[in-house]
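Thanks for making time. I have one structure to go through today, and I will keep to what can be computed from its coordinates.

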Amino acid sequence: MFSLNQLSPTITDMIRFDHSHVMVTFHQYTKDKSPTVKKALADTICTALEIHATLEEEVFYPVMRELDKGEPFVHKAEPEHNDMRRMIAELRRISASDPRHDKVLLELMRDVIHHVADEETTLLPQAETLMSKARLAELGSQMTKRRMELIAPKAGKLAKSHAVGFSGSTTAVVVGVASALFALRTLVKKPGGESANTKSWTSANSMPHGS
């Protein structure tokens, strides 16, 4: 029987999109930016990483551990997330005018880049081998619903940080379009109140990195 879950972006594509979004934001962070812009960009990065880590830990990793108990990365992924959380907490305590802010942000992103490389070259392809497209889309739908629950209480702060961090950047247009596509997929309702999805999600994954 046909399910609208089949129109959902797959969980692996959603994870790749999250990675791209964080990297686009990081590429806007330069040492010559004002402390206000630096703090806004750092807040955007930190919140995005926190939400992304929670989604993976609640929706994706448990499934992968069941499917492939011998895959080493899935067992070290959560400890890596916890290391990132410690750096995020430190970054939030530091003023953006303090030189240490740049140092901690760059250290955080080095760890993120390493984590992303492992995930995109090992775990995501493995998931796409072990699971059908329908199952990946079902998990993508679950991740979308949980994402909106996590974002809802932070929506105002996220919008403000994004507006300040990307002010004057053409990248803001690209990120805004990608975010609009995501919101459209989530907010269009099917009968019965569940989220319906459009077919435009895949275009968001072609988002360029840079301003």
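I start with helix H1, which has 17 residues and reaches 25 Å from its first C-alpha to its last, close to the 24 Å expected at 1.5 Å a residue. The expected span is 1.5 Å times one less than the number of residues. Helices here are DSSP runs of H or I with at least four residues, strands are runs of E with at least two, and numbering goes from the N terminus.

Two notes on the source. This is a predicted model, in which local features need pLDDT of at least 70 and side-chain atom pairs count only at pLDDT 80 or more, while totals for chains, interfaces and linings use all residues. Residues are numbered from 1 along each chain as its sequence is written, and side-chain values use heavy atoms, with hydrogens and water left out.

Overall, the protein has 8 helices and 0 strands. Of its 211 residues, 45% count as buried. Buried means under 20% relative accessible area, exposed means over 50%, and partly exposed is in between, with a 1.4 Å probe and protein chains only. Residues 24 or more positions apart account for 76% of the contacts with a separation of 6 or more, a contact being heavy atoms within 4.5 Å.

Back to H1. It is largely enclosed by the rest of the structure, because 14 of its 17 residues are buried. The Thr12 side chain makes polar contacts with the side chains of Thr10, at 3.1 Å, and Glu128, at 2.8 Å. A polar contact is a pair of N or O atoms within 3.5 Å; within protein, one must be able to donate a hydrogen and the other to accept it, and residues adjacent in sequence count only if both atoms are side-chain atoms. Leaving out residues up to four places away in sequence, Thr12 touches Leu124, Ala127, Glu128 and Leu136.

Next, helix H4, residues 99–130. Its 32 residues reach 46 Å from first C-alpha to last, close to the 46 Å expected at 1.5 Å a residue. At the N-terminal end of H4, Asp98 is the cap, with a side-chain oxygen 2.8 Å from the backbone nitrogen of Arg100.

What about the packing? A nonpolar core is a set of buried Ala, Val, Leu, Ile, Met, Phe, Trp, Tyr and Cys residues joined through side-chain atoms within 4.5 Å. The largest has 24 residues, and those touching the most other members are Ile45, Leu49, Leu91, Leu105, Leu108, Met109 and Val112. H1, H2, H3 and H4 each supply at least two residues of this core, and H2 gives the most, with 7. Apart from this core lies another, of 21 residues, including Ile11 and Val63.

Last, Pro62, which sits in H2, residues 35–67. Pro62 is partly exposed, with a relative accessible area of 29%. Beyond its neighbours within four places in sequence, Pro62 is in contact with Glu56 and Glu57. By contrast, Tyr61 is buried, at 0% relative accessible area, and Phe60 is likewise buried, at 0%.
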